[in-house]
Amino acid sequence: MPGMRTLVRDLRGRLDETVVVYGWVTTLRLQRVMQFVIVRDPTGMVQVVNRRGGEDAGLERTLDELTVESAVVVSGRVVDNPIVKLGGLEIVAESVEVLARSDVPLPVDANTNLEQRLDWRFLDVRRSAQGLVFDVQTTVERAMRAVADAEGFTEMHTPKLMGTASESGAEVFRVDYFGRRAFLAQSPQFFKQMAIAAGIERVFEIGPVFRAEPSFTSRHATEFTGVDVEMAWISGVEDVMAFEERLLVRVLEEVKARHGAAVAEHVGVDVTVPAVPFPRITMAEAIAWLRSDGWNPEGDRVDLDPEGERRLSALVAERHGHEFVFVTRFPIGVRPFYHLRPDDDPTVTESFDLLWRGIEITTGAQREHRYEVVVRQADEKGMDTAPLTDYLNCFRFGTPPHGGFGLGLNRLLMVLLGLSSIREATFLFRGPGRLTP
Ligand code: AMO
C-alpha cells in the first residue's frame, strides 16, 4: 500500500479486483452499521463502503475521523451494485490512508457568494466544474498555436515592463523602476508591429496584459491574458478577419471534440462550430440598425456601449442566424492614431471589433505603415510624439502593410462557457478591488 492508481472512470473495467484510488473526500455518511465515503478524483466520484465491526478496527476508526476534502488513498475491492447512483458500483474498503487532513469547517460551500469563493479560489476550483475552465483553456491555446504554426506564424514574448505607455496614458499602471518611472504593458501592440518591422512576417503572442481600468463589470479585469496577432503584406483588413475566422473555427472544433460532452454536462452549454464567413457590418450600418430598434443612448455617440453590443448581436442573430459579428469601419474619433484610414472615407478606420453573443472579444485593424501619415495622425490626436520615437522609427525604414488583432482569452472563455463573470474564466482574478490571493 499504496499501489498503482486506478482512475474513477476506469473502475467499471476492474470489477471484482482490488484497486487503489487517490482523491478527495467529498461526502461522509457514517451510519450505525455502515460507513460511506464518497471519494472524488479528476475523472469522477465513487462510493467507498465499510461495514462496522469488521476485523480491522483501525479502518473503522480512520473513517470515523475523516473530514471532508481530506486527501486520501483508498484500497479496496470493486463490486457491482446497481442501486448505487455513482456508476452502479462501489469499493469495499480494505484500507484507507489519510495523506493530508482537511480542516473543518470548510470556508466555502455551494451557496457561498462569488467574492468569498474567490478568497478561497483553490477550494472553489477543486470542488466545482470550475476545473473544466482550465482544461478548455488549454485546448483553446493549443488549437490557436496549431493554426498559427500551420500558417507560418512565429510566437513572440515581448516585455511587459516599458519605458513608455503602450496604448494611451489613461489606463496604464505606473511602477517604480530603480527610481525611474516604468509602465506595465497595456498590450504588445507596439512590439508586435516592431516584430513586423524586424522582418518576422507573421507573429503572435499569448501573454499578460495590464489595464488600470477602475471597472467593476463582469467583463473587465486589470490583468488578463491577451492573444495578439500581427501579419505583414496583407492586402487589406479583410485578410486579418479571415485569419481570425479560421482560428476560431479550429478552436471551437477542438473544444467541441475534446470537451463537448463535459461542457454540456457541467455548464449546460452546447459547443457549436460557427459557419464562415461571419457576418460583417459597418459601424454606420450598426448604428442605423440599432436606432431603428429603439437604441437611443444619450448624446451623439459613435461607439457601442455594452447595451449596444448586446442589442446588435441580438439583431444579427435574428437577421443572419449567427452568433458572431464583425463590426467594421469605426470612426477615427474612437480609434487610436495608428489605425489605417481607407482612401474612400478618411472619417473612418480599417478596423473591426468582433462580438460574440453580445460581448466584444476582439479589436483589430490594418495599421498605418507610412511614416509621414502615422506621425500626422498622432499629431492630429494631440499626442506628444517624443515618447513614441522608438515606435515611429519602425516606419522609417521600409515596413510593409500589416494588420492584426488582440483577443481577450478570458472573455473568449467566459462567452464560450456561458459564465456569468470573467472572474470565473480566470484562475486568480485581478480587479480594482482584488489583489489577493
Ligand atoms: P483592446 O484594448 O480592444 O485592443 O483589447 C483587445 C481585447 O482584449 C480584451 N480586453 C479585456 N479583457 C478583460 N479585461 C479588460 N479590462 C479588457 N480590455 C480589453 C477584449 C478586447 O477585445 N492593441 C489593441 C488590439 C489590436 O488592435 O491588435 C488592443 O489592445 O477582448
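A residue is called buried under 20% relative accessible area, exposed over 50% and partly exposed in between (1.4 Å probe, protein chains only). The model is predicted, so local features need pLDDT of at least 70 and side-chain atom pairs count only at pLDDT 80 or more, while totals for chains, interfaces and linings use all residues. Residues are numbered from 1 along each chain as its sequence is written, and side-chain values use heavy atoms, with hydrogens and water left out.

Salt bridges were assigned where a side-chain nitrogen of Lys or Arg lies within 4 Å of a carboxyl oxygen of Asp or Glu. The count comes to 34. Lys-192 pairs with Glu-230, with the closest N and O atoms 3.7 Å apart. Lys-192 lies in helix α5 (residues 189–197) and Glu-230 in strand β11 (residues 223–232), so the pair ties together parts 38 residues apart in sequence. Helices (H or I, at least four residues) and strands (E, at least two) are DSSP runs, numbered from the N terminus. Lys-192 is buried at 6% relative accessible area. Glu-230 is buried too, at 0%.

Glu-245 forms a salt bridge with Arg-280 at 2.7 Å between the closest N and O atoms. Glu-245 belongs to helix α6 (residues 237–267) and Arg-280 to strand β12 (residues 280–282), 35 residues apart. Glu-245 is buried at 6%, whereas Arg-280 is partly exposed at 28%. In helix α8 (residues 306–320), Glu-307 and Arg-310 are three residues apart, about one helical turn. Their side chains meet in a salt bridge (3.1 Å, N to O). Glu-307 is partly exposed at 33%, and Arg-310 is partly exposed at 45%. Salt bridges with shared partners join Glu-115, Asp-119, Arg-423 and Arg-434 into one network.

Strands were paired where DSSP finds at least two bridges between them. Strand β9 (residues 180–184) runs antiparallel to β7 (residues 161–162), with two bridges. Met-162 stands opposite Phe-183. Four bridges join β9 to β8 (residues 174–177), also antiparallel. Here Asp-176 has Arg-181 as bridge partner. β8 and β9 form a hairpin with two residues between them, and Phe-178 in the turn has a positive phi of about 50°.

The ligand is surrounded by 23 residues, counted when a heavy atom lies within 4 Å. The closest are Glu-167, Gln-189, Glu-213, Glu-360 and Thr-363. A backbone N or O atom of Ile-361 lies 2.8 Å from a ligand oxygen. For Gly-408, the corresponding backbone distance to a ligand oxygen is 3.2 Å.

Notes: Polar contact = N/O pair within 3.5 Å; in protein donor to acceptor, adjacent residues only side chain to side chain.
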